[in-house]
Amino acid sequence: MSVKARELAVYDIHKSFPFGAGRLDTLAGITFAAGAGEFVSIVGPSGCGKSTLLEIVCGLIEADRGTITIDGVRPATLVGQVAYMPQNDLLFPWRRVIDNVALPLEIAGVDRGTARREAAALFRLFGLEGFENAYPAELSGGMRQRAALMRTFLTRKGIVALDEPFGALDAHTRRKMQQWLAGVSAELGATILLVTHDVEEALILSDRVVVLSPRPARVVREFPVPLPRPRSILDPAFVRLKGEILSCLDAEETLEREVVAHDRK
Amino acid sequence: MQPDVALERERRRERRRTARWAGKGLAYLPPVLALVSGLILWEAAVRLFDVPRYLLPPPSEIIAAARSDAGALLGVHSRVTLMVAAAGLGCSVAAGVILGALIHRVQWLRQTLYPLLVISQTIPVIVLVPLLVVWFGYGLTPKLIIVAIVCFFPVAVAVVDGLDRADGRLVKLVRSMGASPGQIFWKVNVPSAAPSLFTGLRVAATYAVMAAVVSEWMGADQGLGVYIARSARSFRIDRVFAGVVLVSVYSVIAFWLVDALRKKALPWERLLSDHTNGRGEAGTRK
């Protein structure tokens, strides 16, 4: 698949939501960048606004403040610029797998036959060969997730945003899926943005890990992951880096508890 | 990856086979048994207490009456009634789908028309009969209107409900792909509404036969409604029952036809209900 990977830059994104009488600050100035073809993971405590950030990047909700550029240009609208994969697989139950994954092409105006042919070429890479004409309900959880990933990559946007794509899977399937994605992500040739709360997942997959604070979220630190691939979770360097990121996350959460405790007094 | 993929498929197929099997054998037996024993009781009671035949004939005589009139019953009377039922149903489906879609899409129609539509259902169709006769005479038109009025409501409501029920997360997803409002409607809302439409259609199809029979009471010379009314006037209760049974048989056939069509049109529903026990409404499982 020949997609030109694109570069994403997120600068000073703020977002708050109405909450009770006031507003709940969710994002408090998020800045980071993902180079063309880079795999960047965003980790943070649950409820810190990671999904909100991703929805802003995909143009589904508007930021209160801040800019997002793609290849250095600020697009007129972000809608349709970034391929988005939400937390659930969200396959259409009435479409066969092939028509599910070809959907983004159909929406882009490609005729059904061409869309199907293009989609069919990817089934081997995603381990779904022979299941082109199955319905989603006939697939296992891992297979559905791979189908949803395939659909996401078929949007051919050059930037892919994945929101906890393996969150709903059991531990064993999740590990298999991570290894599989680590193996194929380079071949897919897109800039990948992965939101997760699983540090190990981020380290297996990404070139760089961006750590967010609890709500209102800021970028605490960025960790480059200079480990050779394929990565092993038992590699001492891997374990050390994981420890560093975890303690960075923990420090932030402790800080938050202290602030809350202080406010209560 | 390939072996476990094949295994998964086989496992699911097996589960489906056993589920379908268990469901069928048990579901049809109890009502059939109840019906047969009820008929036997009826026959025995009528003979034992010597009930006058012009009040309640035994089932055996109803069957005999049905046999002797079979030619007319299954021929001209059925043809006329079923034609009116089918044509009226067709009109109401077309009107119901169009109006349902409009109510779904146009906010002010939803606010003005939808409540009126619900209120209109409190008017018994029977009281409209004299009006329709005054306006349209005794021809085919008023009969079609009666059937269409009766069947229209379940279809329209099912369409509105089905279109509204589309999963918001799917809408969000296709929006992120840059879909236009029209594409969202056709690719998300319309397929989501299909199960609901068939549910409404099932109700409408069973009503259609009944409504066609009633419509003939305002004046006609052929049809099952005419046959039933004439038989009642001449105290041939056995024939009345024969007509009534035939009408309900046609209603059940209409019901089955819609379900068969649904299975054909929405093959994926069967897969969903296997492990969710739901009625297969559109939506994603966790």
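Modeller: Let's start with D50(B), which sits in the loop between α1 (2–49) and α2 (59–68) of chain B; helices (H or I, at least four residues) and strands (E, at least two) are DSSP runs numbered from the N terminus. This is a predicted model, where local features need pLDDT of at least 70, side-chain atom pairs count only at pLDDT 80 or more, and totals for chains, interfaces and linings use all residues, while side-chain values use heavy atoms, without hydrogens and water. Residues are numbered from 1 along each chain as its sequence is written, with chains lettered from A and ligands numbered from 1 in the order in which they are written.

Most residues other than glycine have a negative phi, and most peptide bonds are trans. D50(B), not a glycine, has a positive phi near 55 degrees. With a relative accessible area of 60%, D50(B) is exposed (over 50%; buried is under 20%, partly exposed in between, with a 1.4 Å probe and protein chains only).

In chain A, L90(A) also has a positive phi, about 50 degrees, without being a glycine. Its loop runs between β5 and α2 (97–101) of chain A, and L90(A) counts as buried at 2% relative accessibility.

Now for the peptide bonds. R215(A) and P216(A) are joined by a cis bond, with omega about -5 degrees, and P216(A) lies in the loop between β8 (208–212) and β9 of chain A. Another cis bond leads from R229(A) to P230(A), omega near -5 degrees; P230(A) belongs to the loop between β9 and α8 (236–264) of chain A.
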